[in-house]
Amino acid sequence: MVNKKLIWPSTLHHLCLATRNLSAMTRWYQNVMGLSPQILADNLVWLSGSQRNMLLTRGTPGTLRFAAFSAHDDKHLKNIKAHLIAQKLHLKKLSSPLFKNSCFAFVDPDGNNILLGLPKSLRGKREILPGRLQHVVFATNQLKRNVAFYTDTLGFKVSDIVREDTTGEDTACFLRSDKMHHSIAFFRAPKTKLDHFANEAACWNDIRDWGDHFAANKVEIVWGAGRHGAGNNLFIFVRDPDGNSLEISAELEMFSYNQQPRIWSHGPRPLNLWGEAWMRS
């Protein structure tokens, strides 16, 4: 029997992004996102802050090497690992310099690497503006299979579902692994890829300050300001030099473990209650 609370509570901790232009991406995340770079190897850079961390490595731009989730404690991590082995899920030997050696990884139905572990006691300098890593979103051409995997195998909870009224087919799903409305989400799309990732700001004033900061660095806001229906959070979107979409998100809803999913009709409103939406399908 599946332990429905298996992943709960786990927090999205860091991402590892691939890029062909390591120096340009490092400068951008240092100057624009306020992170401090440390070269760990010829092909690996750690961008650190007090609230957010990420890794950059050489590879195809726009691809995510892995998303790293932090378990609650060592006992929790061991329980997850034992369960996944019992489910006959193949575990990979994948490591991160930000996690202890007990970490392990698996591959989801789309081939995304998900790393689970416990953070080392590392803390970088304070960032220019607040915004810890909040969530990561993938485009997928097998939405139903991914949602089943993350809920049935891992114990993620569904927060919001977007569904076509005419066909009854789901077009997006938002999943939580702790009280945050979503730490991972999937949008139906023609092909599988990284859709975007988000940093969390506290309030509307933080969104304003991020907008002014982007303007000062000649970084264009490509979507927003707006308010998502699913999650009810305020947002603005920018793109890094590789074209990765990065969201600044504020006031994301908190859900209890037992809160039931909401169903949204497919259209602009789940994505933006205020106006134009970025429609994936």
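Does Cys203 count as buried, partly exposed or exposed, and at what relative accessibility? Cys203 counts as partly exposed, at 27% relative accessibility. Here buried means under 20% relative accessible area, exposed over 50%, and partly exposed in between (1.4 Å probe, protein chains only). The model is predicted: local features need pLDDT of at least 70, side-chain atom pairs count only at pLDDT 80 or more, and totals for chains, interfaces and linings use all residues. Residues are numbered from 1 along each chain as its sequence is written, and side-chain values use heavy atoms, with hydrogens and water left out.

Cys16 is buried, with a relative accessible area of 4%. The closest cysteine sulfur to that of Cys16 belongs to Cys103 and lies 12 Å away, too far for a bond. A search of the whole structure finds zero disulfides (cysteine sulfur pairs within 2.5 Å).

Seven strands form an open, mixed sheet in the order S2-S3-S4-S1-S5-S7-S6. Strands (E, at least two residues) and helices (H or I, at least four) are DSSP runs, numbered from the N terminus. Two strands pair if DSSP finds at least two bridges between them. The edge strands, S2 (36–41) and S6 (104–107), each pair on one side only. Neighbouring strands are turned by 25 degrees against each other on average, direction ignored. Axes are lines fitted to C-alpha atoms, for helices over the stretch in contact; angles run from 0 to 180 degrees between N-to-C directions.

Helix H1 (residues 22–31) packs on the sheet. H1 touches S1 (11–19), S2, S3 (44–48) and S4 (53–58), and its direction makes about 165 degrees with that of S4. Contact means heavy atoms within 4.5 Å.

Seven of the nine residues of S1 are buried, so S1 is largely enclosed by the rest of the structure. S1 pairs with S4 in the parallel sense over six bridges; Leu17 stands opposite Leu56 in S4. S1 and S5 pair in the antiparallel sense, also over six bridges. Leu15 has Ala67 of S5 as its bridge partner. Ala67 in turn is bridged to Ile114 in S7. Four bridges join the parallel strands S5 (residues 64–70) and S7 (residues 113–117).

The largest nonpolar core has 59 residues. A nonpolar core is a set of buried Ala, Val, Leu, Ile, Met, Phe, Trp, Tyr and Cys residues joined through side-chain atoms within 4.5 Å. Tyr29, Met33, Leu84, Val136 and Phe197 have the most contacts inside the largest core. Apart from it lies another core of 13 residues, among them Phe187, Ala230, Trp264 and Leu271.
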